[in-house]
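The stops below go from the whole chain to single residues.

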Amino acid sequence: MLIRVGVNERDIAKIAIGNPVVIRVDAYPDRVFEGKVRFLVPEAGTKTRSFPVLIEVPYPKGELLA
């Protein structure tokens with residue numbers, strides 16, 4: 001599963017492809033999903049000034065849905 005997140009422009013230099021990532025979601029407040037950075041979009045959004053980052057998370061038994 002790929003999850004897209006926005007990373008603030010001041011923090012994007014700290015992110016690299018292959019970095020481990022921990023994901024938390026409101027639906028499972030006591031659960032942690034682990035993944036890796038798979039892709040960095042090299043240009044920030046004009047309105048948000050955040051960079052889209054794709055994180056690959058092993059499909060967690062259908063627990064995370066779009």
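The tour starts with the ground rules, then the overall picture, then the sheet, strand by strand.

**Ground rules**

This is a predicted model, in which local features need pLDDT of at least 70 and side-chain atom pairs count only at pLDDT 80 or more, while totals for chains, interfaces and linings use all residues. Residues are numbered from 1 along each chain as its sequence is written, and side-chain values use heavy atoms, with hydrogens and water left out.

**Select everything**

The protein has 0 helices and 4 strands; helices (H or I, at least four residues) and strands (E, at least two) are DSSP runs numbered from the N terminus. Along the sequence the pattern reads β-β-β-β. Along the principal axes, the C-alpha atoms fill a box of roughly 35 × 25 × 20 Å.

The protein exposes about 5,000 Å², of which carbon and sulfur atoms supply 55%; accessible areas come from the Shrake-Rupley method with a 1.4 Å probe, and for residues only the protein chains shown count as cover. Of the 66 residues, 26% are buried, where buried means under 20% relative accessible area, exposed over 50%, and partly exposed in between (1.4 Å probe, protein chains only).

Among contacts with a separation of 6 or more, 45% come from residues 24 or more positions apart; a contact means heavy atoms within 4.5 Å.

The 4 strands form an open sheet with the order 1-4-3-2 and antiparallel pairing; two strands pair if DSSP finds at least two bridges between them. Strand 1 (2–8) and strand 2 (20–25) stand at the edges with a single partner strand each, so one side of each has no neighbour in the sheet. Neighbouring strands are turned by 50° against each other on average, direction ignored, with axes as lines fitted to C-alpha atoms and angles running from 0 to 180 degrees between N-to-C directions.

**Select strands 1 and 4**

Strand 1 and strand 4 (residues 50–56) run antiparallel and are joined by 7 bridges. Then pick asparagine 8, which has serine 50 as its bridge partner in strand 4.

Show strand 4 by itself against the surface. Of its 7 residues, 5 are buried, so strand 4 is largely enclosed by the rest of the structure.

Strand 3 and strand 4 pair antiparallel over 4 bridges. Phenylalanine 39 stands opposite leucine 54 in strand 4.

On to the next pair: strand 2 and strand 3 (residues 28–40) are antiparallel, with 5 bridges. Valine 21 stands opposite glycine 35 in strand 3.

Where is arginine 49 found? Arginine 49 lies in the loop between strand 3 and strand 4. Its phi is positive, about 55°, although arginine 49 is not a glycine. The relative accessible area of arginine 49 is 40%, so this residue is partly exposed.
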